[in-house]
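Student: Before we discuss any details, could you show me the sequence and the model, so that I can follow along?

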Amino acid sequence: MTQPGRIGLIGDPVEQSLSPSFQQPAFDALGLSIRYELWQTSLAELPARLDDIRSGRALGANVTVPHKPAAFALMDSVTDLARRAGAINTISVRGDHLIGDNTDIHGFIVPLVECGFDFRASRAVVLGAGGAARGVVVALLDAGIAELTIVNRTRQRADDIVAALGDERVSSAGLDALSERVAGALLLVNAAAIGWTDAAFPAGADTFARLADGATVYDLTYRETPFLRAAREAGLSTIDGLPMLVHQGAKSFEIWTGQPAPVELMWRSAVAAREKRGG
Ligand code: NAP
């Protein structure tokens with residue numbers, strides 16, 4: 001019997017990921033002999049992991065925290081979107097070449113488009129300047145956002161994104177300027193690995209109060225966080241990271257298989273897995 005093809009998630013850590021819970025049912029539903037695996041990988045192990053895929057022992061991969069920028073630099077080629085984001089989350093294989101793509105960009109924008117967000121009339125603040133934030137910024141620029149500020153603890157990383165993109169709509173600031181920069185904004189995105197616990201919460205009720213009326217707060221974390229709870233209590237619309245996770249995964253599925261992804265099934269499977277885990 002032939003072995004199933006392998007696709008895995010590369011990250012550190014990976015055991016908390018919901019990706020297998022919706023990728024595997026999607027492969028199974030289409031009768032594809034593919035197993036979705038979790039590949040715990042340290043930064044030191046990353047080159048060897050990629051060589052393993054290059055050698056034909058796997059069909060592709062997803063890449064998650066904290067390896068998106070590092071994996072980008074180790075690809076044989078990258079798509080235009082990934083190059084602009086400076087980060088990849090999806091790897092496909094052609095011959096012995098690894099091609100890096102960024103499907104976070106698609107995944108992030110879908111729920112905003114679905115709720116009718118008016119990009120051209122809006123100013124946005126993106127918290128974070130890591131691999132995910134870079135994709136978020138490219139997605140918002142391509143959707144036509146009027147103005148955008150990247151706020152990050154390490155100001156230099158935000159400055160680097162601004163310099164790389166060369167778009168006059170984008171500016172940067174340090175975390176101490178968050179409250180000032182959100183004033184009048186219609187979108188606040190938490191694309192930083194913070195806000196999961198009250199202790200690490202970067203924005204108080206006063207920050208949310210400074211957003212424009214009818215503003216949306218979007219957290220890339222795919223569960224209820226203190227950040228989202230506080231935004232809701234302040235009367236704002238909220239979006240969590242689960243729709244993004246499913247839509248980036250659906251796009252990755254299409255890249256690997258060349259077939260339309262069963263998005264509804266993936267969504268139902270992801271919701272069920274999150275509920276099983278306790279929200
Ligand atoms: P990353 O490359 O490691 O970047 C982490 C970011 O968080 C940096 O901007 C970092 O600031 C900031 N940060 C970390 N700890 C902080 C603290 N204590 N105070 C202030 N800032 C802090 O990670 P990433 O790949 O961008 O991922 C970021 C988040 O997005 C993660 O929560 C990830 O799970 C989520 N995500 C979700 C999806 C989805 O599909 N829903 C997709 C991608 C990512 P410095 O630059 O100062 O270190």
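Tutor: Helices here are DSSP runs of at least four residues, numbered from the N terminus. Please keep in mind throughout that this is a predicted model.

Student: In which helix is the place of Asp80?
Tutor: A helix needs a run of at least four residues. The run that covers residues 80-85 holds Asp80, and this run is helix H4.

Student: Is Asp80 buried, partly exposed or exposed?
Tutor: Buried means under 20% relative accessible area and exposed means over 50%, with partly exposed in between. Because the relative accessibility of Asp80 is 46%, the class of this residue is partly exposed.

Student: Which side chain does a polar contact of 2.3 Å join to that of Asp80?
Tutor: A polar contact is a pair of N or O atoms within 3.5 Å. For the side chain of Asp80, the partner at 2.3 Å is the side chain of Arg83.

Student: Where is Asn89, and is it buried or exposed?
Tutor: Asn89 sits in the loop between H4 and strand E5 (90-94). Since its relative accessible area is 2%, and the limit for the buried class is under 20%, Asn89 is buried.

Student: Leaving aside neighbours within four places in sequence, which residue in contact with Asn89 also has its side chain joined to that of Asn89 by a polar contact?
Tutor: With those neighbours left aside, the residues in contact with Asn89 include Ala61, Asn62, Lys68 and Asp104, as well as Gln248. A polar contact of 3.0 Å joins the side chain of Asn89 to that of Gln248.

Student: How do the axes of H1 and H11 lie, roughly parallel, roughly perpendicular or oblique?
Tutor: The axes of helix H1 (residues 19-29) and helix H11 (residues 242-257) come within 11 Å and cross at roughly 40 degrees. Angles under 35 degrees count as roughly parallel, and those from 65 to 115 as roughly perpendicular. The arrangement of H1 relative to H11 is therefore oblique.

Student: How many charged residues does the contact of H1 with H11 hold?
Tutor: On the H1 side the contact includes Phe22 and Gln23, and on the H11 side it includes Gln248 and Trp256. By class, the residues divide into seven nonpolar and five polar, and the number of charged residues is no charged.

Student: How many nonpolar residues are in the contact of H1 with H12?
Tutor: H1 and helix H12 (residues 263-277) pack at about 145 degrees with their axes 8 Å apart. Among the residues that make this contact are Phe22 and Ala26 of H1, and Leu265 and Met266 of H12. The contact has three polar and no charged residues, while the nonpolar ones number eight.

How values were computed:
Residues are numbered from 1 along each chain as its sequence is written. This is a predicted model: local features need pLDDT of at least 70, side-chain atom pairs count only at pLDDT 80 or more; totals for chains, interfaces and linings use all residues. Side-chain values use heavy atoms; hydrogens and water are left out. Helices (H or I, at least four residues) and strands (E, at least two) are DSSP runs, numbered from the N terminus. Buried means under 20% relative accessible area, exposed over 50%, partly exposed in between (1.4 Å probe, protein chains only). A polar contact is a pair of N or O atoms within 3.5 Å; within protein, one must be able to donate a hydrogen and the other to accept it, and residues adjacent in sequence count only if both atoms are side-chain atoms. Axes are lines fitted to C-alpha atoms, for helices over the stretch in contact, and angles run from 0 to 180 degrees between N-to-C directions. Angles under 35 degrees count as roughly parallel, over 145 as roughly antiparallel, 65 to 115 as roughly perpendicular and the rest as oblique. Contact means heavy atoms within 4.5 Å. Ala, Val, Leu, Ile, Met, Phe, Trp, Tyr, Cys and Pro count as nonpolar, Asp, Glu, Lys and Arg as charged, and the others, Gly among them, as polar.
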